[in-house]
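Colleague: I have a few questions about this model before I set anything up with it. Could you take me through what the coordinates show?

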Amino acid sequence: LKGQQARQQYIMAQKGVSSSTIALAIDKARARLTNPLVREHTTVRALLQSLPQETLSVAAFGCRAFARSLMHLYRYLRQRKETDGVDVLQRHMGVLQRVYAELDEPDGMVGSAAVRKETSLGEQILDHTSAGQWTSALSCFEHAI
């Protein structure tokens, strides 16, 4: 906070603002930091950041909040890609495909199908049904039986 105050004082001095105005601005900043709502907001934000993104994605999917599920899944994949590498995307491609299917997002489905290295029968069925290729989907269903 002291570094921030010094920076604010320098900026205010460059603009020709008096030291009493600077002191008033600093007092207002301190009042905001001690405001109970600001502290609660900071606490809630820290709690939400501590929750795993994968868990939030699964919970949102279960609540049928598919766009929110996709957002958390993207965040999770970005975090894991930095630590684990590219393989994390392949491991979660089925989940990503299910979210795109629920969102009725054909471009996402095509993109996930193009990136996927291995395709299971269930993923093929999902691809065909989302694309409206009912005969191909039926053929996959018959093959599954």
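Modeller: A place to start is Glu123, which is found in helix α9, where helices (H or I, at least four residues) and strands (E, at least two) are DSSP runs numbered from the N terminus. This is a predicted model, in which local features need pLDDT of at least 70 and side-chain atom pairs count only at pLDDT 80 or more, while totals for chains, interfaces and linings use all residues. Residues are numbered from 1 along each chain as its sequence is written, and side-chain values use heavy atoms, with hydrogens and water left out.

Colleague: Is Glu123 buried or exposed?

Modeller: Glu123 is buried, with a relative accessible area of 17%; buried means under 20% relative accessible area, exposed over 50%, and partly exposed in between, with a 1.4 Å probe and protein chains only.

Colleague: And which residues is Glu123 in contact with, leaving aside its neighbours within four places in sequence?

Modeller: On that basis Glu123 is in contact (heavy atoms within 4.5 Å) with Gly94, Gln97, Arg116 and Glu118. Val95 is 28 residues from Glu123 in sequence, and their C-alpha atoms are 9.9 Å apart in space.

Colleague: What about Gln97, where does that one lie?

Modeller: Gln97 lies in helix α7 and is buried, with a relative accessible area of 0%. Not counting residues up to four places away in sequence, Gln97 touches Met109, Ser112, Arg116, Glu123, Leu126 and Asp127.

Colleague: Which residues of α8 are buried?

Modeller: In helix α8, residues 106-115, the buried ones are Gly108, Met109 and Ser112. Seen down the axis of α8, these fall within an arc of 100°, so they line one face of the helix; the arc is that of the directions from the helix axis to the C-beta atoms. The cover over the buried residues of α8 includes α7 (93-102) and α9 (121-131), while the face turned away from the buried side carries the exposed residues Asp107, Val110 and Ala114.

Colleague: Switching to α4, what do its buried residues pack against?

Modeller: The buried residues of α4 pack against α5 (66-84). They are Gln53, Ser57 and Ala60, in a helix that spans residues 53-62, and they cover an arc of only 70° around the axis, which puts them on the same side of α4. Exposed Val58 and Gly62 are carried on the face turned away from that buried side, and just after α4, Arg64 takes a positive phi of about 65°.
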